[in-house]
Amino acid sequence: MVNQLEIRNLHAKIADSGEVILKGVNLVVPKGQIHAVMGPNGAGKSTLGKIIAGDPSYEVTAGDILVDGESILELEPDERARKGLFLAFQYPVEVPGVSNANFLRLALQAKKGEEVSMMEFYDRLQRALKTLDWDESILTRYLNDGFSGGEKKRNEIMHMMVLEPTYAILDETDSGLDIDALKVVAKGVNAMRGPNFGALLITHYQRILNYIVPDAVHVMMDGRIVTSGGPELALQLEERGYEWVKELAVTGS
Amino acid sequence: MSDTLEIEQIGSEYKYGFVDEVKPVWKAEKGLSRRVVEAISYHKDEPAWMLEFRLKALEIYQSKPVPTWGPDLSGLNMDEIYFYAKPTEKRDATSWEEVPEEIRKTYERLGIPEAERKVLAGVGAQYDSEMVYHQVREELKRLGVIFVSIEEGLKQHEDLFREYFATVVPPEDNKYAALNSAVWSGGSFVYVPKGVKVELPLQAYFRVNTAELGQFERTIIIVDEGAEVHYIEGCTAPVYTTDSFHSGVIEIVVNEGARSRYTTIQNWPHNMYNLVTQRALVKKDAYHMWLDGNLGSKVTMKYPSSYLVEEGARSDILSIAFASSGQHQDAGGKLIFAAPHTGGSIVSKSISKGSGRSSYRGLIRVYEGAKHVKVNVECDALLINEESRTDTYPYMEIEDDTATVGHEATVSRLNDEQIFYLQSRGLPEDEAAALIVRGFIEPVAKELPLEYAVELNKLIELEMEGSVG
């Protein structure tokens, strides 16, 4: 079995409007590695994340997504979660009336397919809260309801830590965070790091990569990955902007 | 899928839909007439004034037209309804052993005796037209708490009964209050003496077993000065192909400084017309809460109302309505402010699924001279499917300009982004939808006793199965 998240020649469009967003994305994230996907606004980065998680507002027209060698294209979002996928949303959705902790326990039970004891659940929560330097008051609040931007992002990381996915996609988790919040979020991701965890870090800025050093960096433009490299690629982008990569896109490297 | 099929499907999921092998010991002939009213009164061995009252109410009923401002009632045929069915000779048994076995089994299946032992202060059980069981904890009896059937209330406490009966809801109030006044049978008579706080709820459980039967319970609750009580009513019936009818009248008097709460979990099968008048008179510095959950029935028209008649009186009305295909829940509430420094709120949460229709209908009236009234109305509607429907009819009659009146109304659809978000964390689509619905009603549901909140959640999960996607 191949232990990796693989995106193979993925083409996709918005289901309603038919607008084509992904135009042949190829990407492999081996388990145990963290890869960054960078690119300018409108490159299709967030769309890629949502499509991997199974967002029904997009339609895959060609290509495949494989988790450990198995196609997940036909699976519902919850089935994908049970295969070990997790998407930290760029804009976490507010669900009034549903307590953060109650939901998280339901999600953990759904993912594991069995009852999770209060003890075990509480244990997981405590570990996550400690790493994220957070207090329990966040647990009884309604899911993302009235959370600040920073709280929402931190809560996504807490969910990730409790659910322990095999492959996590972090969609611009860094955007809108001040430096302290960014460090806390990075701490959560780094705590997950290990041979059984792979992640795709979607970001617009190099800044977060100072705290989460990626194993590889991919640059996405106009619905394709146009170049890939090591962590140094992110620094180059920071210095030179996306203009020089555009040329790569045009020449079709 | 056609509506009828869908309704049948829901009926098959309705877990209280079983029929008992119980034949009434006496049943009135079908339809409504002077003779039927006289027969009911005869079977109850009533004083002459009550028969007179009934007959006058019958005239009032006959003189009033069927209301056309609300849901369609044209399917309700009074000639096809039995107005009285006596399940057993013995009324108000005080131990379950005295209740005929078949009837007792039903209540056991519904978990009533168990709940009585664990979480209730007293239980009244109505089967068809009569209360077959009534019991309240011994220590409450010693404190003077009265909790008996309405019939026993009239027999044993006639003066107290007469002082309050039909004073809060007179027969002239509306057509169905008049009907109830003519043919009432069953219901509770509750009196909580001054300063007595009944900690656990009293529950009345209504079961209609006979097909095409109308159930017309009448309940009087008197909460004397400084006393406290929580009364809960629950209702179920078998699923028949023919329609049934339930039309209760509830009268509550909350005296100075008293607190009361009336909770309804109405889960009739989807062939029941449910037209109920519930009203509370709230006195000086007293408080009353209506918690009204309408999940079942074919048509419900129900607007619990509070009349705040003395200074400092307050009342909140919390309402949940769930309308599936073939159902029309016309619910809401009324707050009438007739004294200064009174206040209250109406919070209504409705969910419409399939071709179901829910309406919020509410009235806020502030009389001139009722100074510094504070009232807030919030009604939120959630639509599950494209063909689901909701309407809002908020009436405001504010005669005093010192009143502070707030009103907010929202209509939302089940949100795809919310579903995707919850699903991406591992919850199947149905469960995600049910969770969103539960969250939607949470501000009201959290006021329910735990057992009922759990039951409500189960019902919603059942209702939401296969409803999206």
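Visitor: At what angle do helix α4 and α6 of chain A pack?

Guide: Helix α4 (residues 118-131) of chain A packs with α6(A) at an angle of about 140 degrees, and their axes are 9 Å apart. Helices here are DSSP runs of H or I with at least four residues, strands are runs of E with at least two, and both are numbered from the N terminus. Axes are lines fitted to C-alpha atoms, for helices over the stretch in contact, and angles run from 0 to 180 degrees between N-to-C directions. The model is a predicted one, in which local features need pLDDT of at least 70, side-chain atom pairs count only at pLDDT 80 or more, and totals for chains, interfaces and linings use all residues. Residues are numbered from 1 along each chain as its sequence is written, while chains are lettered from A and ligands numbered from 1 in the order in which they are written.

Visitor: How are α4(A) and α6(A) oriented to each other?

Guide: α4(A) and α6(A) are therefore oblique to each other. Angles under 35 degrees count as roughly parallel, over 145 as roughly antiparallel, 65 to 115 as roughly perpendicular and the rest as oblique.

Visitor: Which residues make that contact?

Guide: α4(A) contributes A:Arg124, A:Leu125, A:Ala128 and A:Thr131, and α6(A) contributes A:Met158, A:Met161 and A:Val162. Two residues are in contact if their C-beta atoms, placed from the backbone, lie within 7 Å. By class, the residues of the contact of α4(A) with α6(A) are five nonpolar, one polar and one charged. Ala, Val, Leu, Ile, Met, Phe, Trp, Tyr, Cys and Pro count as nonpolar, Asp, Glu, Lys and Arg as charged, and the others, Gly among them, as polar.

Visitor: And α6 with α7 in chain A: at roughly what angle do the axes cross?

Guide: The axes of α6 (residues 149-163) and α7 (residues 179-192) of chain A cross at roughly 10 degrees and come within 10 Å. That makes α6(A) roughly parallel to α7(A). On the α6(A) side, the contact residues include A:Ile157, A:Met160 and A:Met161, and on the α7(A) side they include A:Val184, A:Val185 and A:Val189. Nine nonpolar, two polar and two charged residues make up the contact of α6(A) with α7(A).

Visitor: Changing topic: how many residues of chain A are in contact with chain B?

Guide: On chain A, 23 residues are in contact with 19 residues of chain B. Two or more residues on the chain A side come from each of α2 (77-82), α3 (100-112) and α6 of chain A.

Visitor: Which of these gives the most?

Guide: α3(A) gives the most to the side of chain A that touches chain B, with five residues. That side has 15 nonpolar, three polar and five charged residues.

Visitor: What about the strands of chain A? In which order do they form the open sheet?

Guide: Four strands of chain A form an open sheet in the order β2-β1-β4-β5, with antiparallel pairing. Two strands pair if DSSP finds at least two bridges between them. β2 (20-30) and β5 (70-71) of chain A are the edge strands, each pairing on one side only. Eight bridges join the antiparallel strands β1 (residues 4-14) and β4 (residues 58-67) of chain A. A:His11 stands opposite A:Ala62 in β4(A).

Visitor: How many strands are in the open sheet of chain B?

Guide: Ten strands form an open sheet in chain B, in the order β4-β3-β7-β10-β13-β15-β18-β20-β22-β24, and the pairing is mixed. Its edge strands are β4 (130-136) and β24 (404-413) of chain B. From one strand to the next, the twist averages 5 degrees.

Visitor: Which helix packs on it?

Guide: Helix α11 (residues 429-445) of chain B packs on the sheet, where it touches β18 (314-323), β20 (343-352) and β22 (374-383). The direction of α11 makes about 160 degrees with that of β20(B).

Visitor: Finally, into which domains is chain B divided?

Guide: Chain B is divided into domain 1 (3-302) and domain 2 (424-469), with bounds that come from an automatic or database domain assignment. Taken over C-alpha atoms, the centres of the two domains of chain B are separated by 28 Å. Ten residues of domain 1 are in contact with eight residues of domain 2. On the domain 1 side, α5 (112-119), β13 (259-266) and β15 (287-294) of chain B each supply at least two residues.
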